[in-house]
Amino acid sequence: MSLLLKSCLTLLPYFVLPAAAQTWTSCNPLNGTCPPDSALGTSNASFTLNSTSSFQSSLWNTTAGALTYNSSGAAFTIAQKGDAPTIQSKFYIFFGEVEVWLKAAPGQGVVSSVVLQSDDLDEIDQEFIGNNDTHAENNYYGKGNTTDAYERAEWYPLPDGGSPTGGYHNYTTRWTNESLEWYIDGSIVRTLAYDDANGGASYPQTPMNVRIGIWAGGDSDNSNYTIQWAGGAIDYSKGPYMMFVQSVRLTDFSTGSEYKYGDTSGTWQSIQTVPGNSTALKVLTAPPPESVTQRFNGLSHGAKIGIFSTVAVAIAVCVGMWAFCCVKQRKAGKAERRLADAMYEKDTAELMAYRARTRKGAFVGEREVFDED
């Protein structure tokens, strides 16, 4: 469904509608030479979205809004007009498997989606309408052809009466050069053969990246057809609307560092695989950061002796400074004590002299009185 908007993106590729955040291409290899696509090039690449540290953001772009994280997963939120938070992989798969555990966002006009899309606008979708509590939709496009888009879309009930918005479910897409399969909670719900897609002309078959996000299909700026498909007009005042994603697991059925278009035919046979390890594979297989203990244990014997010597010198300097300060303070304390004692003795002497003078005066006074008598 979202590809109905791509005719608009031809003129305004980066900002017209909320849905535009998920479906666009910066360079179409059917029209000329484009840069190669960085490959995933490995199997069972798992991404857990419960924190920024566990989610390898170096391999994903986040657009049209920010994500928030908790123990349940990442929250994709529509809080106001224009919000369409989406994560997009920086790598591509050339046939493969995509498994996403998600809880779709409830709400009229709200669309949660998992989209695979290529540079030449091949596309595979799993989408969820916020006010449809029983069914999920899947669809496909070849080379941006939106003819009969509604007819190609199919809706399937969730197994065991499940609800897309009521809990987490496993949505998996398995894609080969022969067929395309959609699964819900491990049960296959649809199969598309290559020849059944307009003799293969409309069959998705070029390297794709992965885009997961939420958008306002019911926004008033969209066409009436889009709003109707999205379940009706969205009411932003009733938001925020939130989709949650727990994890993503990806398998690339091809290996290599990059994928290149050999010509402008857009067929899978024209795609060239560049040998080597991909950037994504290097990131995924990189060892975790070493702890301080591990880094120390990895040092040579001489380096360890140097560290111990430096620490010993530092400790000795600190002890010396502490001792110096103590001695200095002690001397200063003694001087202050002697000064205090001298002051005390002076004050005591003055007090005794004063008392003596006072007593002498009193004695003289008494004698004079006695003589008068």
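This briefing walks through a few local features of the structure above. The model is predicted, so local features need pLDDT of at least 70 and side-chain atom pairs count only at pLDDT 80 or more, while totals for chains, interfaces and linings use all residues. Residues are numbered from 1 along each chain as its sequence is written, and side-chain values use heavy atoms, with hydrogens and water left out.

**The disulfide**

- The structure holds one disulfide, a term that means a pair of cysteine sulfur atoms within 2.5 Å.
- Cys27 and Cys34 are the two partners, with an S to S distance of 2.0 Å.
- The torsion about their S-S bond is about -85 degrees, so the disulfide of Cys27 and Cys34 is left-handed.
- Cys34 is buried at a relative accessible area of 17%, whereas Cys27 counts as partly exposed at 25% (buried is under 20%, exposed over 50%, partly exposed in between, with a 1.4 Å probe and protein chains only).

**Thr251 in strand S16**

- Thr251 sits in strand S16, residues 241-252 (strands are DSSP runs of E with at least two residues, helices are runs of H or I with at least four, and both are numbered from the N terminus).
- With a relative accessible area of 9%, Thr251 is buried.
- A polar atom of the Thr251 side chain lies 3.0 Å from the backbone nitrogen of Asn44.
- Not counting residues up to four places away in sequence, Thr251 touches Leu40, Thr42, Ser43, Asn44, Ile93, Phe95, Gly96 and Glu97 (contact means heavy atoms within 4.5 Å).

**Tyr183 in strand S13**

- Tyr183 belongs to strand S13, which covers residues 179-184.
- Its side chain makes a polar contact of 2.7 Å with the side chain of Glu181 (a pair of N or O atoms within 3.5 Å; within protein, one must be able to donate a hydrogen and the other to accept it, and residues adjacent in sequence count only if both atoms are side-chain atoms).
- Tyr171 is 12 residues from Tyr183 along the chain, and their C-alpha atoms are separated by 5.8 Å.
- Leaving aside neighbours within four places in sequence, the contacts of Tyr183 include Tyr171, Arg174 and Ile188.

- Val313, Val317 and Met321 make a nonpolar surface patch of about 280 Å² (patch residues have over 30% relative accessible area and no salt bridge; like charges are joined within 9 Å, and nonpolar side chains, meaning Val, Leu, Ile, Met, Phe, Trp and Tyr, within 5 Å).
- Accessible areas come from the Shrake-Rupley method with a 1.4 Å probe, and for residues only the protein chains shown count as cover.
- A salt bridge is a side-chain nitrogen of Lys or Arg within 4 Å of a carboxyl oxygen of Asp or Glu.
- Met321 is found in helix H6, residues 301-372, and is exposed at a relative accessible area of 51%.
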